[in-house]
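Subject: Structure handover

Dear colleague,

Here is the structure I said I would pass on. My notes on it follow below.

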Amino acid sequence: MGKVAQIESLPLTESGGEIPVHVAIIMDGNGRWAAARGLPRIEGHRRGVEAVRRTVRHAGRRGVKALTLFTFSSENWSRPKSEVEDLFNLLRFFIRNDLAELKANGVRIKVIGRREGLPPDIGDLVREAESETAANQGLTLQVAFNYGGRDELVRAARLVGEKMLAGAIDPADVNERIFEEHLDTAGICDPDLLIRTSGEARISNFLLWQLAYTEFVFLPVCWPDFDETEFDAAIAEFHSRERRFGGLFHG
Ligand code: IPE
Ligand code: IPE
Ligand code: MG
């Protein structure tokens, strides 16, 4: 076990070492996975949900404290209406079908992204998933749904501005910590490791603030084929990196 065993003892707020306390994943390539097999895109998304289950279990097993999954971006609204509906239905299915197991396994669910503009029943399901698991102490599963990094930053700026107008915050006191407290991710340390599948090497508006010093690992595998071996390979790659945070090499 070695390094992996140490993960358990690291508090969520003290990230920055060699160990990925927080892993974020851009789960990409569902459509290409399906197309390569002559299947409709929805089939790729369905198989993607199975990969989510495998990944949540394995992350917990490896002692990762927080796992953030990019499931639907602010820009994904530009896809055909039928695909958007399919993706919403999969979120509905996942929460209804998997909530009990996640709850029993101590997983705490947190959903980040814009809530306005979503179908009301999705808002209800998300609130239910969060409140039913709020007291859990195991893996924090942060689901980025209807999420865009720029949208999150603008919403945070608006919240801070409203507090300034109300006199609750002095403009001179605004610093990184205060700003961070108004992001959707408040209370969760920045990701140590970002994995993107499907061979694309871009951020696509994910966690723009939080990825400042995250290590990026891009894997060629499409998301439905992502498994325990791929996860461990990404962690091994992470371990081989020298993080400096702007300082000097300490090797
Ligand atoms: C990732 O797979 C899932 C979502 C973005 C919702 P894609 O649907 O982007 O699959 P590709 O990139 O078209 O293959
Ligand atoms: C990013 O993937 C969003 C999710 C994985 C949910 P996209 O497939 O939407 O990103 P682009 O369009 O290739 O940049
Ligand atoms: Mg894609």
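With a relative accessibility of 1%, Leu207 counts as buried (buried is under 20% relative accessible area, exposed over 50% and partly exposed in between, with a 1.4 Å probe and protein chains only). Its phi is positive, about 35 degrees, although Leu207 is not a glycine. Leu207 sits in the loop between strand 5 and strand 6; strands (E, at least two residues) and helices (H or I, at least four) are DSSP runs numbered from the N terminus. Asn205 is found in the loop between strand 5 and strand 6 too. Asn205 also has a positive phi, near 65 degrees, and is not a glycine. At 15% relative accessibility, Asn205 counts as buried.

**Basis**

This is a predicted model, in which local features need pLDDT of at least 70 and side-chain atom pairs count only at pLDDT 80 or more, while totals for chains, interfaces and linings use all residues. Residues are numbered from 1 along each chain as its sequence is written, chains are lettered from A and ligands numbered from 1 in the order in which they are written, and side-chain values use heavy atoms, without hydrogens and water.

An open sheet is formed by 6 strands in the order 3-4-2-1-5-6, with parallel pairing (two strands pair if DSSP finds at least two bridges between them). Strand 3 (108–112) and strand 6 (215–218) are at the edges with a single partner strand each, so one side of each has no neighbour in the sheet. On average, neighbouring strands of this sheet are turned by 20 degrees against each other, direction ignored (axes are lines fitted to C-alpha atoms, for helices over the stretch in contact, and angles run from 0 to 180 degrees between N-to-C directions).

Strand 1 (residues 22–26) pairs with strand 5 (residues 193–196) in the parallel sense over 4 bridges. Ile25 has Ile195 of strand 5 as its bridge partner. Helix 5 (residues 120–133) packs on the sheet and touches strand 3 and strand 4 (140–147), where contact means heavy atoms within 4.5 Å. The direction of helix 5 makes about 145 degrees with that of strand 3.

**Ligand 1**

Ligand 1 is surrounded by 13 residues, the closest being Asp28, Gly31, Arg32, Arg41 and Arg79 (a residue is near if one of its heavy atoms lies within 4 Å). An oxygen atom of ligand 1 is 2.7 Å from a side-chain N or O atom of Arg79. For the side chain of Arg41, the distance from a ligand 1 oxygen atom to an N or O atom is 2.9 Å.

Regards

Terms used: Polar contact = N/O pair within 3.5 Å; in protein donor to acceptor, adjacent residues only side chain to side chain.
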